[in-house]
Amino acid sequence: MAKVIVVYESKYGNTKLVAETIVEGMREVEGIETVLSELKEVDLNKIPDYDVILIGSPNHFGGPTRGVKKFIDKLGKLTLKGKLFAVFDTYLGKDFEKAVNKMEKRINEKVPGLKQMAPGLSIKVQGIKGPILEAELPKCKEFGNKIATQIKT
Ligand SMILES: Cc1cc2nc3c(=O)[nH]c(=O)nc-3n(C[C@H](O)[C@H](O)[C@H](O)COP(=O)(O)O)c2cc1C
């Protein structure tokens with residue numbers, strides 16, 4: 001059975017909700033084991049047990065959080081060749097650079113064995129503390145569903 005880990009950081013809970021909704025979408029597809037984990041609880045040594053790694057971050061100053069950047073750098077020290085990844089973020093304004101783009105670039109540079117399986121998902125919040133625009137949540141479910149379907153085929 002394919003195993004997926006969804007790792008996220010979230011200051012106010014919005015990126016957490018995105019992560020949970022992605023997992024909901026993934027669990028609609030049978031035959032995939034999905035684990036949801038807050039970044040600070042992740043055991044780095046267990047990461048190689050997964051086939052797919054999803055990473056989510058709030059946009060902080062036009063990029064991912066420091067914690068997510070450090071996590072990506074640590075992934076570079078593991079053997080993850082042939083495994084897949086996708087990223088997601090939450091953001092407030094469209095004038096900033098997207099955190100997903102920065103995450104993808106950093107992963108490609110620091111973890112070359114890991115291959116991107118889908119374009120990053122960016123979800124808009126209404127204020128620094130949220131909430132997520134209602135029209136955005138179905139996109140999270142769809143993202144999870146699409147990824148899970150892709151893993152199976
Ligand atoms: C320190 C800080 C910096 C931020 N910088 C940006 C930014 O550059 N661009 C943006 O669109 N949103 C920015 N935001 C808004 C966050 O994206 C928003 O708070 C986040 O999506 C909420 O997610 P969370 O509930 O998971 O923490 C910033 C928020 C904080 C707290």
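Select helix H1 (14-27) and strand E4 (84-91): each supplies at least two residues of the shell around the ligand. Helices (H or I, at least four residues) and strands (E, at least two) are DSSP runs, numbered from the N terminus. This is a predicted model, in which local features need pLDDT of at least 70 and side-chain atom pairs count only at pLDDT 80 or more, while totals for chains, interfaces and linings use all residues. Residues are numbered from 1 along each chain as its sequence is written, and side-chain values use heavy atoms, with hydrogens and water left out.

The shell holds 18 residues, and the closest are Ser10, Asn14, Thr15, Thr90 and Ile128. By class, eight are nonpolar, nine polar and one charged. Here Ala, Val, Leu, Ile, Met, Phe, Trp, Tyr, Cys and Pro count as nonpolar, Asp, Glu, Lys and Arg as charged, and the others, Gly among them, as polar.

Then show the distances to ligand oxygen atoms. An N or O atom in the side chain of Thr90 is 2.6 Å from an oxygen atom of the ligand. From the backbone, an N or O atom of Lys11 lies 2.8 Å from a ligand oxygen, and one of Gly93 lies 3.0 Å from a ligand oxygen. The ligand taken alone exposes 630 Å², of which the protein buries 91%; accessible areas come from the Shrake-Rupley method with a 1.4 Å probe.

Hide the ligand to view the space it takes, which is the largest pocket. A pocket is an open set of points on a 1 Å grid over the protein atoms alone, where a 1.4 Å probe fits, with protein on both sides within 12 Å along at least five of seven lines; lining residues have an atom within 4 Å of a point. The largest pocket holds about 380 Å³ of space. Its lining has 17 residues, and Pro58, Asn59, His60, Leu92 and Ile128 are the closest to its centre.

Two backbone stops remain. In the loop between strand E3 (52-58) and helix H2 (66-75), select Phe61, whose phi is near 55 degrees. In the loop between strand E6 (121-124) and helix H4 (137-152), select Pro131; the peptide bond from Gly130 to Pro131 is cis, with omega near 0 degrees.

Technical notes:
Near = heavy atom within 4 Å. Polar contact = N/O pair within 3.5 Å; in protein donor to acceptor, adjacent residues only side chain to side chain. Sits in = over half its atoms within 2 Å of the grid points. Points joined across faces, edges and corners; volume = space filled by probe spheres on them.
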